[in-house]
Each structure stands twice: as structure tokens, then as C-alpha cells.
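Hello,

Here is the structure I promised to pass on to you. Please open it alongside this email, and then read on for what turned up in it.

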Amino acid sequence: MKAILLVVAALAALTAGSPCVTDHDELVLRLNKELLRSTEEPDSLPNPSVHIALRLSTHHNLAKESQHLNQLKTKLHEDIQKSLSGGQMVVGRLALYILALKSSCHDLDSLTLSEGESSDALLTHLKRQMEKEKEHIALSHRPLTNYYQYSLGILALCVSGVRVSSHVSHKLIHAVQHGQIKHGDSLCIDSYAMAGMALQCLKEAGTPVRNEEELSKALATIKQKLQHSQQADGHIGNEFSTGLALQALLAMGSQVKECSTSMEALRSDARKGTYHNAMAISQTLPALQQRSYLHLKSHECRNEDDTLVLDAAPVVEVLPSLTNVPVRVEVLKADGSSSEYRLDVPSGSSLLEVLTLLRDHQMGFTFETEDSLWGPFLSRVNGEQARQTDRRYWHLSSDGSGLREGIKDYKIVTAQKITIKNTGY
Ligand code: B12
């Protein structure tokens with residue numbers, strides 16, 4: 001009996017001391033604060049995904065969140081208006097903007113965008129953009145943007161109580177069932193997750209679809225794809241898709257226990273500082289708090305906590321690195337021609353710093369970037385543009401492995417060969 005009691009006591013001590021029990025709240029709070037701090041960066045465009053995560057969180061700083069909402073309504077609004085006037089697709093950003101407004105319980109009808117002569121409500125524009133996407137899929141089997149944004153569009157309409165046309169939903173269901181959802185040339189967990197939340201929303205809203213059975217099958221396929229993509233360390237896809245995948249599983253009714261391996265994978269990444277990009281935090285924090293974008297449907301902005309305070313910004317002294325590492329940069333153009341550059345860079349430099357050094361040293365290397373919610377996207381190298389309209393992009397890899405971060409976030413600490421390849425998808 002004494003022995004059994006000892007075992008029980010030892011087990012209890014073990015569980016109490018397990019990492020998922022001890023530092024979960026602390027990690028969530030840290031990420032929450034980092035996300036709030038990111039809204040204070042003066043130059044960057046206010047990020048709607050950050051706003052959604054702040055609003056879905058348990059802890060709030062209502063004054064700062066309201067300031068951020070105002071920035072979205074001015075700066076992001078203007079940015080979307082500019083793109084729309086220039087004839088560009090705005091599905092993803094508009095959908096995130098609508099979800100962000102919804103997360104703050106803002107009246108959606110009070111805001112309009114204009115296209116040509118007419119000025120219409122945001123949801124009317126989103127519906128119109130989704131029609132364009134649908135027609136493009138009918139013609140060429142892919143959206144003008146991508147299935148991640150197409151799903152976001154459906155989700156934003158559905159969460160706002162707008163009926164999504166059965167033709168629009170059918171195109172997503174079909175893409176899921178025919179494995180057409182890719183990131184580059186590999187399976188895109190992020191997009192399957194977003195599709196899962198969008199289709200689940202339609203199911204719960206009782207939205208008429210072309211075929212009920214097909215909708216259920218697509219949801220089952222997504223669930224299965226997400227579950228089968230879970231690795232031994234708990235990641236579903238990679239460290240940047242796991243949060244979205246968990247959100248989708250939660251939305252689709254799966255139980256995601258706080259001590260599950262996937263949750264532990266997120267916490268372990270958070271401890272290591274993997275989530276320093278605000279966009280990455282914004283897609284992870286809701287899952288850590290057992291929340292998904294579907295919660296926005298019934299979100300009420302009442303009796304909210306208002307205890308989240310920012311401590312003084314930590315003073316980070318960046319000491320110049322004493323060690324240099326050799327880097328080779330290879331550029332492979334669309335016609336197969338290649339150029340190689342060699343240089344030594346201070347250990348810890350970002351790839352963006354490396355490319356800037358190369359350009360400044362006038363080795364014949366040039367590059368340009370485009371801003372995105374994730375940071376600078378490499379768009380032109382040595383005068384050659386890899387365009388989304390041509391289904392091409394500059395793929396980044398290091399010693400043959402695809403980078404899992406962009407040029408600003410990826411840090412170089414060891415000798416390596418970076419390959420920048422104009423790739424079709
Ligand atoms: C679609 C997509 C792509 C498409 C974009 C073109 C298209 N078809 O629309 C393609 C295939 C080109 C692509 C490329 C890359 N991608 Co990508 N992409 C996505 C995805 C699934 C959706 C993005 C989106 O539309 N968002 C919605 C709109 C509203 O936001 P947006 O900011 O305006 O969208 C633009 C940017 O996100 C940009 N973009 C896409 N990927 C990346 C990656 C980085 C690092 C940056 C800065 C920008 C960027 O393209 C979008 C359309 O214009 C996300 C998934 C996610 N969780 O966000 C991954 C994701 C953002 N991509 C990722 C990565 C790693 C890349 C690559 C670096 C891969 C590589 N090894 O080369 C490259 C970018 C290289 C470069 N030239 O700078 C990671 C980023 C993780 C991180 N911590 O930075 C994500 C999160 C996927 C993942 N889980 O790993 N991507």
C-alpha cells in the first residue's frame with residue numbers, strides 16, 4: 001500500500017512539474033504582450049491579423065486595442081482602397097480587415113470602399129472579389145490569389161452572417177477533394193486549416209451548398225490531412241502552420257488538450273523564441289488559448305478584462321558580432337542561367353542584410369522586395385521579377401533545404417550556400 005501511495009505521489013509530482021502545466025500562462029502572456037508591442041511600431045502598416053489575435057485573447061489592453069482599430073480604419077483602409085482602385089485583388093487583406101472589425105464588434109455597414117463611380121459596403125466588395133476568384137477558378141482551376149485567401153474570403157463572409165453562394169463554396173470543396181491546395185509544390189497545411197475553418201462555418205450556419213454530403217466529405221478530408229501531417233514532435237506541417245492547424249481542429253470539434261504534443265510543440269517553439277514575427281504570433285496565440293477564428297461569429301465585446309500592461313520596452317544592446325561566416329549566394333534565373341557570389345558576413349546577419357551587403361559592394365547583384373504582412377517578400381533579383389501573376393516566385397533555400405522563414409527573419413550563423421531560384425508553382 002505504501003509503495004502504491006509513493007508511486008501515486010511521484011506521478012502527481014511529475015505531472016505538476018511537467019512544462020505544459022508550469023509555464024503555459026506565462027508564455028501566453030509573453031506572446032500577448034509582444035503582439036501588443038508590435039502595434040506600436042511606427043512605420044509598419046497596421047496588421048489586421050494581429051488585431052484579431054489581440055481581440056480573441058483573454059487579456060486585453062482596451063485603450064491600445066482601440067487605437068489599433070482606428071489605425072486599421074485609416075491606414076489599412078487606405079491601403080486596400082489604393083489596391084482596389086489600381087485593379088488589384090484584395091481578397092485576403094479585405095477578409096482579414098472585416099474579421100478584425102468584427103473582432104472589435106464594429107458596425108461593418110458604416111465603412112465603405114469605392115470602385116469606379118460606386119461606393120459600397122466592405123462585405124459587398126468582398127462578395128464581388130469572391131465572384132472574380134470563382135470565375136478565375138472555373139477558367140484556370142486556381143484562384144487569382146490563392147486558396148488560403150479564397151478560404152479567408154469565405155470565412156469572413158460567413159462569420160459576418162452573409163450567405164456564401166453555393167458556386168463559391170463548391171470551388172473550395174472541389175479543390176480540397178482534388179488535392180489542389182499547395183504551397184509552392186508541397187501540401188499547404190496553412191491553407192487546409194483556413195479551408196477547414198471556412199467550411200465548418202458554412203456547415204454550422206446551415207448555408208445551402210451544392211451537395212451536403214460533399215461538404216461533410218471535404219471536412220473529413222481536411223481533418224484527416226491535418227491529423228496525418230502531425231509529426232512525432234507534435235508539429236502539424238511546420239512550426240508556422242501548427243497554430244492554424246490546431247485552430248482548425250478546434251473549430252471542427254476535435255479536442256485539443258493543453259498537454260497534447262501539438263500544444264507542447266507550440267510552447268516549446270515559443271520558449272525558443274521562434275515566434276518573433278508578429279504575424280507568426282498572431283496565428284499561434286489563439287490556438288494556445290483554445291480559440292479559433294470561428295469564435296468571431298458569436299464574439300461579444302462585453303465585460304472584457306483590461307489588465308494587459310506593457311512593461312517598459314526591453315533595452316536590447318546589439319553588440320557587433322566578432323566572428324564572420326562565409327556565405328555563397330547562388331541565383332538561378334528562369335532560363336536556367338546562374339550566378340554565384342561569395343562574401344563573409346558577421347555571424348547572426350539576416351539574409352536581408354547579406355543581400356544588402358552584396359548589392360552595396362557592387363558585385364553586379366541587385367534585388368527588390370515587396371511589403372507583406374509577413375515582412376519583405378523578395379520579388380526581383382538581378383533585374384528579373386518572379387511574378388505572382390505568372391505563378392512564379394523566388395524560392396529560398398540553404399544547402400538544399402527550403403527556408404522556413406523570409407529574408408528578414410532568417411539569420412545566418414554558420415557557413416552555408418543560399419540558393420535563390422526563380423520557380424514556377
Ligand atoms: C500563398 C503563400 C505563398 C505563395 C504566395 C503567392 C501566392 N500564390 O499568393 C508562394 C508560394 C509564392 C509563397 C512563397 C514563400 N513562402 Co509562403 N505562404 C503562403 C501562405 C499559404 C498564404 C499567404 C497569404 O496569401 N496570406 C494572406 C494575405 C492577406 O497576406 P499577405 O501578407 O498580403 O500575403 C502575401 C504574403 O504573405 C506573401 N508571402 C507568401 N509567403 C511568404 C513568406 C514570407 C517569409 C514573406 C515575407 C511573404 C510571403 O505572399 C502573399 C500573397 O501576395 C502562407 C501561410 C500563412 N500562414 O500565412 C505561407 C507562408 C507565409 N510562407 C512561408 C514561407 C516560408 C515562404 C517562402 C520563404 C518559402 C521559400 N523557402 O522560399 C517563400 C517566400 C520567398 C520570398 N520570395 O520572399 C511561411 C512563412 C513563415 C515565416 N516565419 O516567415 C508561411 C507561413 C507558410 C509556413 N507555414 O511555413 N508563399
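This is a predicted model: local features need pLDDT of at least 70, side-chain atom pairs count only at pLDDT 80 or more; totals for chains, interfaces and linings use all residues.

How much area is buried between domain 1 and domain 2? The figure is about 1,200 Å², with carbon and sulfur atoms giving 53% of it.

Five residue pairs are in polar contact across it, with both residues of each pair at pLDDT 80 or more. The count of salt bridges between the two domains is one. Glu-239 forms a salt bridge with Arg-404, and their closest N and O atoms are 2.9 Å apart.

**Around the ligand**

Next, please turn to the ligand. It is surrounded by 34 residues, and the closest are Asn-146, Gln-149, His-183, Asp-190 and Asn-238. Which domains supply this shell? Domain 1 and domain 2 each give at least three residues to the shell.

- Asn-146 has a polar side-chain atom 2.6 Å from an oxygen atom of the ligand.
- Trp-374 has an N or O atom in its side chain 3.0 Å from a ligand oxygen atom.
- Gln-388 places an N or O atom of its side chain 3.2 Å from an oxygen atom of the ligand.

Several elements give two or more residues to the shell: helix 6 (91–103), helix 8 (147–159), helix 10 (189–205), strand 9 (377–381) and strand 11 (392–398). Strand 11 supplies the largest share, with four residues. By class, the shell divides into 14 nonpolar, 16 polar and four charged residues.

**A link along the chain**

Finally, a word on salt bridges in general. A search of the whole structure finds 22 of them. One is formed by Arg-55 with Glu-304, where the closest N and O atoms are 2.7 Å apart. Arg-55 lies in helix 4 (residues 48–56) and Glu-304 in the loop between helix 14 and strand 5 (324–332), so this pair ties together parts that are 249 residues apart in sequence.

I hope this helps you find your way around. Do write back with any questions.

Best wishes

Note on methods
Residues are numbered from 1 along each chain as its sequence is written. Side-chain values use heavy atoms; hydrogens and water are left out. Buried area is the accessible area (1.4 Å probe) that two parts lose on being put together, summed over both. A salt bridge is a side-chain nitrogen of Lys or Arg within 4 Å of a carboxyl oxygen of Asp or Glu. A polar contact is a pair of N or O atoms within 3.5 Å; within protein, one must be able to donate a hydrogen and the other to accept it, and residues adjacent in sequence count only if both atoms are side-chain atoms. A residue is near a molecule or strand if one of its heavy atoms lies within 4 Å of it. Ala, Val, Leu, Ile, Met, Phe, Trp, Tyr, Cys and Pro count as nonpolar, Asp, Glu, Lys and Arg as charged, and the others, Gly among them, as polar. Domain bounds come from an automatic or database domain assignment.
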